[in-house]
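Work through the exercises below with the structure open. Try each task before reading its solution.

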Amino acid sequence: MTTKTTWPLVRVLRDRDAGLYLSGVVVSGFGTSALWLVSGVWVKDLTGSDGLAALCMLAMWLPALAGPLLGTLADRARRKPLLIGVNLLLGALLLTLVRVDAPSDVWLLYAVLLVYGAAGVVHDAAESALVARAVEPSLLGDFNGLRMTATEGMKVVAPPAGAGLFAAYGGAGVALLDAATFVLAAGLYAMLRVREERPAPPTGSGRQRTAEGARHLWAHPLLRPLVLAAGVTMLCAGLNGAMVYAVVDDLGHSPGYTGVLYAVQGAGSVAAGLLCGPALRRLGTRRFAASGVALPAIAVALRAVPSDPVALVCSAAIGMGLPAVLIAALTSVQRETPGALLGRVTATAHTAVYAPNVVGLAAGAALVELVGHRLVLVALGVVLLVTAAALCQAPARDERTVSRSSSDAGPA
C-alpha cells in the first residue's frame, strides 16, 4: 500500500516528528492534569477554605488573558529551543513546591501556578507554530484531532492517579511527578528534526507587534467567523458547565454523579479526536465547525429533561461536538497564518476562544440561582443553533480556499 493511500491517522503516527510531539503532549498533559486537581485539594487541605482552593484554577487561567502579549515571545525566537527551555523552566519551578507544607506557604503555590499558566500560553503558541512547519498541511486536522484525544485522555486518567499520589505522598509528590514529566517532554522535543531559521529582527513598537495577531484574525474572512464561533461556543460551554450540579440534583443523584457525566463527556471528546481529520476533509472547515456547534446545541437543550439516559447521551454528544469547532479554528489558524506571525495569532485566538469559558462559568453560577437551570439550558441551545447557522452561511470562495489548503497548501 502506498503512502498516499494509507489512512491519514496512520500516516501521522508513522511520522517521527508527529509521534514525538504527541508523546510530549501525553507526558506533560498527564502531569498538568494531575496538578490541576491536586492544587485545589492541596490548598483546601492546608487552609480549609473553599474560596482559596478555587483561586488555584484562577491562577492557572488568568495568564490566558495576556495571550496576545505572551504570544509575541513565541515569534521572537526559534520555536524548538523555546519549547525545550519552557519545559525545563517549569520542571525546575515545580521543585520549589516541595517546601509548601503550611498555610503560610500557599502564596508560593499561587505564584508557581501563575507562572505555570503564563508559560503554558507561550508553550502552546510555540508548539502550534512548530507543528504547522513540521506536519504536512493536509494532515494538520488529523494531528490536532489526535492531540485532542491525547489531552482529553489524560484528563480522564491523570486526576485519579494524582489524587492517589496526593493521598500517599502529599502535594510535594505530585509536584515532583509533574516536574519529571516536563523534563521528559523537553527531551522528546530535543529529538525533533525540524530546521528553523532565526526570526527576523522585530520592527515597530511592542504594542504594534502585539496587535498584529489580533489584526490578522479580524481581517481574515475565514478565521474571524471561526474564532468568533468558537468563543461563543466556549462561553455557552462555561454556562452549561455551571448548570451541571443543578442537572444532577434534578436527576435525584448526589453531587458525585457529576463525575460520571464528565467521564462520559471526556470519552466523547476522545472519540471525536480520532474522527476529526476525516470529517474536516469531507465537510470543509465551516460546515465541520457548524456541525460541531449544532450537536452540543441540541444536547445542551435536552439536558433540561430529567432523565438519566438522556443526560448520559447529552454528555457524550457535548464531548463529541465541542472539539470540532476548536480543532477547525486551530487548524485554520495554522494553515492561514504566515509563520512569522503564527505565535501571536495562535495565542490571540486561544484568548478569544478560552477566556469566554471562564466568563461563562462565573455568569452561570449567578444565573442558575436567579432563573433556574432549565430555562438557561434551552436558551443556550438556541444561541448555539444560531451560531451554527451563521457558520453555514459561508461564501463559496472561502470553502474553495479551504478545500485547496487541505491538500495543496505549503507550510506556513
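A residue counts as buried under 20% relative accessible area, as exposed over 50%, and as partly exposed in between. Keep these cut-offs at hand for the exercises. The model is predicted.

**Exercise 1. Is Glu212 buried, exposed or partly exposed, and which residue does Glu212 pair with in a salt bridge?**

Step 1. Take the accessibility of Glu212. Its relative accessible area is 27%, so Glu212 is partly exposed.

Step 2. Find the partner. Glu212 forms a salt bridge with Arg344, and the closest N and O atoms are 2.5 Å apart.

Step 3. Glu212 sits in helix α8 (residues 206-219) and Arg344 in helix α14, 132 residues apart, so the pair links distant parts of the chain.

Step 4. Classify the partner. Arg344 has 8% relative accessibility and counts as buried.

Step 5. The side chains of Arg79 and Asp75 meet in a salt bridge at 2.6 Å, N to O. Arg79 and Asp75 are both buried.

**Exercise 2. How many salt bridges does the structure hold, and which parts does the pair of Glu127 and Arg147 tie together?**

Step 1. Start with the total. The structure holds eight salt bridges.

Step 2. Side chains of opposite charge can pair when their charged atoms come close.

Step 3. Apply the distance. Glu127 and Arg147 meet through their side chains in a salt bridge of 2.5 Å, N to O.

Step 4. Locate the ends. Glu127 belongs to helix α6 and Arg147 to helix α7 (residues 140-190), so the pair ties together parts that are 20 residues apart in sequence.

Step 5. Compare each value with the cut-offs. Glu127, at 4% relative accessible area, is buried. Arg147, at 22% relative accessibility, is partly exposed.

**Exercise 3. How do helices α6 and α14 cross, and which residues make the contact?**

Step 1. Two packed helices are described by the angle between their axes and the distance between the axes.

Step 2. Read both. The axes of α6 (residues 106-134) and α14 (residues 342-370) come within 8 Å and cross at roughly 125 degrees. That angle makes α6 oblique to α14.

Step 3. The crossing of α6 past α14 is right-handed.

Step 4. List the contact. From α6 come Val121, Asp124, Ala125, Ser128, Ala129 and Ala132; from α14 come Leu342, Gly343, Thr346, Ala347 and His350.

Step 5. Sort by class. The contact has six nonpolar, four polar and one charged residues.

**Exercise 4. How do α11 and α12 cross, and what classes of residue meet there?**

Step 1. Read the geometry. The axes of α11 (residues 258-283) and α12 (residues 285-302) come within 6 Å and cross at roughly 125 degrees. The two helices are therefore oblique to each other.

Step 2. α11 passes α12 in a right-handed crossing.

Step 3. Name the residues. Cys276, Ala279, Leu280, Arg282 and Leu283 of α11 meet Thr285, Arg287, Phe288 and Ser291 of α12.

Step 4. Sort by class. This contact has five nonpolar, two polar and two charged residues.

**Exercise 5. Where is Pro63, and which residues does Pro63 touch?**

Step 1. Pro63 lies in the loop between α3 (50-61) and α4 (67-75).

Step 2. Classify it. Pro63 has 9% relative accessibility and counts as buried.

Step 3. List the contacts. Not counting residues up to four places away in sequence, Pro63 touches Leu70, Leu114, Gly117, Ala118 and Val121.

Key: Residues numbered from 1 in each chain as written. Predicted model: local features only at pLDDT ≥ 70, side-chain atom pairs only at ≥ 80, totals over all residues. Heavy atoms only, no water. Axes fitted to C-alpha atoms, helices over the stretch in contact; angles between N-to-C directions. Helix = DSSP H or I, 4+ residues; strand = E, 2+ residues; numbered from the N terminus. Parallel < 35°, antiparallel > 145°, perpendicular 65-115°, else oblique. Left-handed = near helix turned anticlockwise from the far one by under 90°. Contact = heavy atoms within 4.5 Å. Nonpolar A, V, L, I, M, F, W, Y, C, P; charged D, E, K, R; others polar. Salt bridge = Lys/Arg side-chain N within 4 Å of Asp/Glu carboxyl O. Buried < 20%, exposed > 50% of the residue type's maximum accessible area, 1.4 Å probe, protein only.
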